[in-house]
Amino acid sequence: MKKISLTTVFILLSMAAVAQYNYRDSNRIGISFGVNQFTLNTSNFQTKPCSGWNGGLSVRGNFYNDWDMVYALQFSENNFTVATKSFFLANEEVNYKLPSAQISLQLSYKLIENHLSVEFGPIVQVNGKFNIDAENENNIISGTTLLAKDIVDISKFNFYPTVGITFGVRHFRANVSYQYGLNNMLENLNTKNLGVNFKGNPGIINGNLILYL
């Protein structure tokens, strides 16, 4: 993960340097932080969305006329719950945490210069495994014979088209966006002979504050 992060930062800075050749005062580095709501859309078990956090860096620069280009690297912790039954058959919602890193390339159309813009473009996400508390690992997922620990090893990559809006002033803005994962996040589980055909697509709502330097 560290190698990926360092490589991405180098690429972002290189792109910024190229763009700076034509727009020597237009590129700005942004520091972002905020929250997210993660939903795992699946019919294999019952899930509920929960809140997590985001933090990252971005470079915004002039692209063409009223268009900017935004390159970004974001680290997140996503959360959701799965309905389970404990050892004593009591209903219990188990929290799943997903650490992830996203690399994005967004086109940004400026509705009002320095104040309001809309963004869209692709995002590639690198996932870790789902994390759950040790005391919940042997809970039985409701409606299945699976244990809570059986579904933690998910696919490591996902592709998200995303759309969002950014608003504020020149050096301080807010961004709200929606991302939908096209790849089956649970595909990796289909290789483990668990007797279930898994399918799940993530959806993420992000709300970030951005400080432009």
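Tyr96 is buried, with a relative accessible area of 0% (buried means under 20%, exposed over 50% and partly exposed in between, with a 1.4 Å probe and protein chains only). The model is a predicted one, in which local features need pLDDT of at least 70 and side-chain atom pairs count only at pLDDT 80 or more, while totals for chains, interfaces and linings use all residues. Residues are numbered from 1 along each chain as its sequence is written, and side-chain values use heavy atoms, with hydrogens and water left out.

The structure has 7 aromatic pairs (rings of Phe, Tyr and Trp, the last by its six-membered ring, with centres within 6.5 Å; planes under 30 degrees apart are stacked, over 60 edge-to-face, the rest tilted). Phe80 and Tyr96 make a stacked pair, since their ring centres are 5.4 Å apart and their planes are at 20 degrees. This pair links distant parts of the chain, with Phe80 in strand β3 and Tyr96 in strand β4, 16 residues apart (strands are DSSP runs of E, at least two residues, numbered from the N terminus). Tyr96 also pairs edge-to-face with Phe130, at 5.8 Å centre to centre and 85 degrees between the planes. Phe130 is buried too, at 3% relative accessibility. Together with Phe38, these residues (Phe80, Tyr96 and Phe130) form one aromatic cluster.

Then there's Asn158, which sits in strand β7 and is buried, with a relative accessible area of 2%. Its contacts beyond four places in sequence include Ile123, Gly181 and Pro202 (contact means heavy atoms within 4.5 Å).

Notes. Helix = DSSP H or I, 4+ residues; strand = E, 2+ residues; numbered from the N terminus.
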